[in-house]
Amino acid sequence: MKPRTQSTLIIGTSLFIVLFTNVSFFKHVLEVYPFDSTYAPFVLSQGVVLFLFLVLLFSLLTWRYLTKPLLIVMLMTAATANYFMQTYHIIIDATMIENAVQTDLNEASDLMSWKLFAYVIMLGILPSYVVYKTPVVYHGVKKELFSKLKLSAGSFVLIFVIMLPFSKHYTSFFREHKVLRSYTNPTYGLYSLGSYIKAQSKDTHAPLTHTGLDAKIGTREKRRILIMVVGEAARADHFSLNGYERETNPLLKKEEIIDFSHMYSCGTTTAISVPCMFSIYDRNDYDTQKGLHTENALDVLSHAGIEVIWRDNNSNSKGVADRVQYENYRTAENNTICDDECRDEGMLVGLEQRIEASDKDMIIVLHQMGEHGPAYYKRYPKAFERFTPTCQTNQLEECSQEEIANAYDNALLYTDYFLSQTIQLLKKYEETVDTAMFYMADHGESLGEGGFYLHGLPYFIAPDTQRHVGSLLWLGKDFPVDKEKIRNAASNEFSQDNLFSTLLGLFDVQTEVYKKEMDILPFDRVAAKGS
């Protein structure tokens with residue numbers, strides 16, 4: 001191969017990235033600025049500006065023998081991001097990076113495909129090999145610095161010169177269509193990675209802030225047991241309880257269910273929504289570091305003397321259960337109901353013995369695998385495959401929207417069965433214990449509407465399907481509340497911000513951190529004896 005300078009290598013790599021790994025960016029740009037006589041020059045200028053910006057960025061980051069390794073990392077990053085952005089129509093923002101960091105191997109395996117490997121090989125490995133094999137001519141330090149200065153300054157000046165004639169359009173681009181910048185690859189992903197690292201490094205050694213140390217409950221004639229089911233990726237509009245045309249809740253409809261039909265999530269990923277829903281902070285005030293360093297609703301219940309157990313058939317508790325009893329049900333070591341994967345109903349096995357062995361109030365959290373995508377067909381035993389044909393691959397773009405919805409709805413049928421089994425377990429104790437089951441999904445899911453799949457879009461642009469979640473409550477026959485009053489208020493709009501005080505209210509916990517106005521259940525509870 002003919003020897004090249006560092007500048008030539010940087011220019012070639014930047015051009016390749018713009019032309020071949022920014023399909024998603026240009027697709028979204030063209031949706032706003034059509035390629036016609038008015039906008040075509042402006043659209044072309046964006047490609048040139050992005051190219052020059054990459055040249056500027058790479059010239060500032062590279063130096064001599066570090067040039068090749070950095071360019072190879074950029075090519076591999078851009079190729080991988082390009083696949084996920086095109087396949088699932090996602091944005092690589094800080095939340096998505098946090099979600100990826102917290103994804104375990106089992107979840108990651110659902111995303112592996114031959115198409116992913118093809119993208120990485122064609123757009124990552126092959127150009128990286130060319131970069132690796134290209135001989136680079138290195139000059140003296142002064143000459144290299146001067147060359148780098150020329151490349152950087154030239155790129156910067158050209159960016160200004162090219163943008164100037166289109167200043168009116170660029171004003172619109174940066175002010176009114178900010179989201180378009182989120183699709184630039186790999187620049188926005190690198191920016192998001194920096195934001196994520198900055199957020200994670202902030203206050204990492206901060207002490208734990210205690211919450212509700214004054215919590216207490218009065219004495220009662222009956223114990224109180226709540227099973228809190230944290231669902232996964234369950235969108236409200238696919239619940240037949242909410243009017244969906246398919247019968248996805250055939251068993252729950254036979255129970256006296258209180259359906260919260262307008263429940264909205266705190267985030268669009270598990271990594272955000274799960275710790276946020278149990279947090280004392282609302283969605284606008286919550287961030288990951290606050291969640292990690294502040295006690296949550298389960299801690300307050302524990303302070304009040306309530307026994308807390310977390311059973312997990314998902315990745316993990318995202319820090320929520322760090323200070324309570326935690327049991328992993330993702331493997332056959334604890335979960336006795338496993339076939340292709342371990343099933344949610346396995347978390348119910350042995351709960352009767354745990355309930356009977358205790359004389360305390362109890363909250364048992366069951367964290368479902370639920371409707372976790374993209375391999376929806378794996379999320380339920382074959383006996384629940386009622387809606388056919390189903391999408392039998394994790395490559396959702398290869399399936400029709402009907403096939404995707406069929407597989408997803410079958411997973412919801414299994415959730416219906418799991419929740420019904422949970423209720424049947426609690427009914428065994430109705431005579432001697434006040435029992436309740438509260439179900440709330442962490443976030444919703446896109447099933448191909450508008451070209452979007454899965455979840456994780458930034459909250460401000462996420463479709464309703466990713467934010468509007470399934471949620472419902474079952475109360476035992478003697479639970480001391482006015483059920484009809486609750487049922488009448490259940491159609492109001494609520495969010496996961498309400499969960500913190502609602503959980504405390506269900507146990508009549510008295511504490512300064514309880515906010516009655518945030519409690520979903522609109523009634524004055526029967527006062528506990530001795531309170």
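**A buried arginine and its surroundings**

Author: R343 is buried, with a relative accessible area of 3%. This value comes from a predicted model. The label follows from a cut-off: a residue counts as buried when its relative accessible area is under 20%.

What does the side chain of R343 meet in a salt bridge? It meets the side chain of E341, with 3.7 Å from N to O. The pair qualifies because a salt bridge requires a side-chain nitrogen of Lys or Arg within 4 Å of a carboxyl oxygen of Asp or Glu. As a general point, side chains of opposite charge can pair when their charged atoms come close.

E341 has a relative accessible area of 17%, so E341 is buried. E341 also forms a salt bridge with R379, and here the closest N and O atoms are 2.7 Å apart. This second pair links distant parts of the chain, 38 residues apart. E341 sits in the loop between β7 (325-328) and α14 (351-356), while R379 sits in the loop between β8 (362-367) and α15 (401-427). R379 is buried, as E341 is.

These pairs belong to a wider arrangement. Which residues does the network of salt bridges link? They are D110, D339, E341, R343, K378 and R379. Over the whole model, the count comes to 23 salt bridges.

E449 pairs with R235, their closest N and O atoms lying 2.8 Å apart. E449 is in the loop between β10 (446-447) and β11 (453-454), and R235 is in the loop between β3 (223-231) and β4 (257-259), so this pair links distant parts of the chain, 214 residues apart.

C338 and C342 are joined by a disulfide, with 2.0 Å from S to S. The torsion about their S-S bond is about 95°, so this disulfide is right-handed. C342 is buried, with a relative accessible area of 11%, but C338 is partly exposed, at 33%.

How many disulfides does a search of the whole structure find? It finds 3. One of the others joins C266 to C276, with an S to S distance of 1.7 Å. Its torsion is about 60°, so the C266 and C276 disulfide is right-handed too. C266 lies in the loop between β5 (263-264) and α11, and C276 lies in helix α11, 10 residues apart. C266 and C276 are each buried. Another disulfide is formed by C391 and C399, whose sulfur atoms are 2.1 Å apart. With a torsion of about 70°, the C391 and C399 disulfide is likewise right-handed. C391 is buried, and C399 is buried as well. Counting bonded cysteines along the chain, the pattern is 1-2, 3-4, 5-6.

β7 and β8 take part in an open sheet of 7 strands, in the order β4-β13-β9-β3-β8-β6-β7 and with mixed pairing. β4 and β7 are at the edges with a single partner strand each, so one side of each has no neighbour in the sheet. On average, neighbouring strands of the sheet are turned by 15° against each other, direction ignored.

In general, strands of a sheet pair through backbone hydrogen bonds, either parallel or antiparallel. Within this sheet, β9 (residues 433-441) and β13 (residues 471-475) run antiparallel and are joined by 5 bridges. M440 stands opposite S471 in β13.

Helix α11 (residues 270-278), which holds C276, lies across β3, β6 (307-312), β8 and β9 and runs at about 160° to β3. Helix α15 lies across β3, β4, β8, β9 and β13, running at about 165° to β9.

Terms used: Residues numbered from 1 in each chain as written. Predicted model: local features only at pLDDT ≥ 70, side-chain atom pairs only at ≥ 80, totals over all residues. Heavy atoms only, no water. Helix = DSSP H or I, 4+ residues; strand = E, 2+ residues; numbered from the N terminus. Buried < 20%, exposed > 50% of the residue type's maximum accessible area, 1.4 Å probe, protein only. Pairing = 2+ DSSP bridges. Axes fitted to C-alpha atoms, helices over the stretch in contact; angles between N-to-C directions. Contact = heavy atoms within 4.5 Å. Disulfide = S-S within 2.5 Å.
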